[in-house]
Amino acid sequence: MRTREGGRIADETAVIARVRAGEPEAYAGLVRTHTAIALRAATALGAGADAEDVVQQAFVKAYCALGRFRDGMAFKPWLLAVVANETRNTVRRAARQRTLAIREAALVKAEPLIPESADPAVATLVAERRAALLAALEKLSEEHRLVGCRGLASGARRQTCDTPRGGPARSRTAAT
């Protein structure tokens with residue numbers, strides 16, 4: 001098959017032989033000749049905005065695989081098969097990444113599998129804070145302690161002030 005290379009007609013087999021012989025500049029002619037058709041193929045196969053990246057990667061893979069290219073075969077169909085495979089890989093990779101992003105977003109919104117209270121560091125911190133609060137409450141007079149207990153959350157008030165919910169601490173502070 002004959003193609004254009006740098007404005008002159010050349011035999012693809014000869015160009016591929018030059019590339020195999022260690023003249024990588026000759027490959028640039030094949031790239032220039034087949035880039036447009038490779039871009040159209042990648043776009044048609046679903047590469048979309050990634051078509052240029054797909055074609056570039058396909059040309060790199062084709063260059064690396066030129067040793068397996070059979071002499072006498074047409075280069076364009078072989079290259080387009082490489083483009084098709086690379087497009088398929090890119091589309092699959094993008095679909096996997098979208099799926100992983102959706103899963104990650106769902107995990108971020110979900111409750112943690114192990115509650116924070118199960119963490120020994122958190123439990124130690126809670127115990128230290130509770131001990132500090134109890135020590136501070138012990139230093140207060142009973143009248144001030146009752147006022148302080150009124151401002152606590154209901155669960156903490158019951159534990160810290162040892163009064164039932166709605167019990168004497170609440171009624172005494174509400175009466176004053």
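Over which residues does pLDDT stay under 50, and how many contacts beyond four places in sequence does the model have for them? The stretch is residues 5–9, and the model has ten such contacts for it. Here pLDDT is the predictor's confidence in each residue, from 0 to 100, and a contact means heavy atoms within 4.5 Å.

This is a predicted model, in which local features need pLDDT of at least 70 and side-chain atom pairs count only at pLDDT 80 or more, while totals for chains, interfaces and linings use all residues. Residues are numbered from 1 along each chain as its sequence is written, and side-chain values use heavy atoms, with hydrogens and water left out.

The protein chain has an average pLDDT of 80, and 74% of the residues score at least 70. Helices (H or I, at least four residues) and strands (E, at least two) are DSSP runs, numbered from the N terminus.

Now to H3. The helix has 14 residues, 51–64, and at 1.5 Å a residue it should span 20 Å; its end C-alpha atoms are 20 Å apart, which agrees. The expected span is 1.5 Å times one less than the number of residues.

Which residues of H3 are buried? They are Ala51, Val54, Val55, Ala58, Phe59 and Ala62. Seen down the helix axis, the buried residues fall within an arc of 135°, so they line one face of H3. That arc is taken from the directions from the helix axis to the C-beta atoms. Buried means under 20% relative accessible area, exposed over 50%, and partly exposed in between, with a 1.4 Å probe and protein chains only. The buried residues of H3 pack against helix H2 (25–44) and helix H4 (75–109). On the face turned away from that buried side sit the exposed residues Glu52, Gln56 and Cys64.

Next, charged pairs. The structure holds three salt bridges, each a side-chain nitrogen of Lys or Arg within 4 Å of a carboxyl oxygen of Asp or Glu.

One joins Lys61 and Glu86, with the closest N and O atoms 2.6 Å apart. Lys61 lies in H3 and Glu86 in H4, so this pair ties together parts that are 25 residues apart in sequence. Lys61 is partly exposed at 38% relative accessibility, whereas Glu86 is buried at 5%.

Another joins Arg20 and Asp71, at 2.6 Å from N to O. Arg20 is in helix H1 (residues 12–20) and Asp71 in the loop between H3 and H4, so the linked parts are 51 residues apart in sequence. Asp71 counts as exposed at 59%, and Arg20 as partly exposed at 35%.

There is also a salt bridge between Arg18 and Glu23, at 2.9 Å from N to O.

Last, the rings. There are five aromatic pairs, meaning rings of Phe, Tyr and Trp (its six-membered ring) with centres within 6.5 Å; planes under 30 degrees apart count as stacked, over 60 as edge-to-face and the rest as tilted. The rings of Tyr27 and Phe59 have centres 6.4 Å apart and planes at 80°, so this pair is edge-to-face. Tyr27 is in H2 and Phe59 in H3, 32 residues apart. Tyr27 is buried at 7% relative accessible area, and Phe59 is buried at 7%. Together with Tyr63, Tyr27 and Phe59 form one aromatic cluster.
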